[in-house]
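Hi there,

Here is the structure I promised to pass on. My notes follow below it.

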Amino acid sequence: MPRSIAALIRHGDYRQLPDTPSAHQPFALTEQGMAQAVRAVELLQQHSRQLNCPIDPAIASSTLLRAWQTATIIGENLPDMEAGVQQHEELAERCVGAAANLSMGQITDILRHDPRYREPPADWKSNSHYRLPFPGAESLMQAGKRVAKVLAREMRAMRQQNRGDRIKVIVGHGAAFRHAAHHLGILKYDQIARLSMYHCRPVLLELHDDDSWSHIGGDWKIRQQSENHID
């Protein structure tokens with residue numbers, strides 16, 4: 001059975017609204033983010049050489065602009081990427097539903113004045129199981145499960161093409177990827193909050209013949225206590 005490897009790439013640095021927990025912000029990469037995406041090409045090629053495993057010609061990406069831009073820059077700088085970028089809405093980061101792109105203060109104020117709801121816990125942004133009580137909102141665990149399904153589907157589809165060993169580039173978002181890794185059996189629950197992802201540095205996960213997964217390359221980022229838990 002050929003090797004099926006997913007190269008998970010967190011998008012590059014982008015323009016974020018201050019004090020706004022929604023990870024569905026529709027803004028573009030900064031110049032730094034664009035440079036990070038270009039640097040990702042070299043890292044991917046290094047992994048490809050080390051593993052003697054070619055990169056699949058189709059990149060999967062979240063539909064959010066910063067992820068699509070990252071994927072597009074990578075595709076434009078890798079050779080033989082004729083299949084281009086395939087966008088998947090299911091690869092997006094955790095959705096806060098009707099609270100999208102509101103500030104922390106606005107969200108707290110809305111909940112305080114709605115008699116149906118309590119104020120969220122202080123750690124709600126990083127709490128894996130908490131879901132804001134708004135239409136369309138989901139928890140980080142729910143987002144991770146959604147993304148895990150996409151990863152499994154994409155890798156199995158690539159395997160069925162029977163094109164030999166392949167690395168599949170998948171561009172998305174840090175928190176959703178970490179929670180997906182937990183659902184796939186790669187990260188323990190207590191590791192999720194301690195880890196993050198570097199912008200545009202691949203983390204390589206391999207899907208094995210028995211449908212188990214393992215982390216085979218690239219480093220998770222050790223989260224500092226002062227870091228925000230947004231995306």
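Strands here are DSSP runs (E, at least two residues), numbered from the N terminus. This is a predicted model, where local features need pLDDT of at least 70, side-chain atom pairs count only at pLDDT 80 or more, and totals for chains, interfaces and linings use all residues. Residues are numbered from 1 along each chain as its sequence is written, and side-chain values use heavy atoms, with hydrogens and water left out.

Let me start with two loop residues. Most residues other than glycine have a negative phi. Cys 200, in the loop between strand 5 (195-196) and strand 6 (203-207), has a positive phi near 60 degrees. Asp 211 sits in the loop between strand 6 and strand 7 (213-217), and its phi is also positive, near 70 degrees.

Are these two buried or exposed? Buried means under 20% relative accessible area, exposed over 50%, and partly exposed in between (1.4 Å probe, protein chains only). Cys 200 counts as buried because its relative accessibility is 1%, while Asp 211, at 40%, counts as partly exposed.

Next comes Ser 196, which is found in strand 5. Its relative accessibility is 5%, so Ser 196 counts as buried. Leaving aside residues up to four places away in sequence, Ser 196 touches Arg 10, Arg 178, Trp 220, Lys 221 and Arg 223; contact means heavy atoms within 4.5 Å.

Happy to talk any of this through.

Best wishes

Conventions
Helix = DSSP H or I, 4+ residues; strand = E, 2+ residues; numbered from the N terminus.
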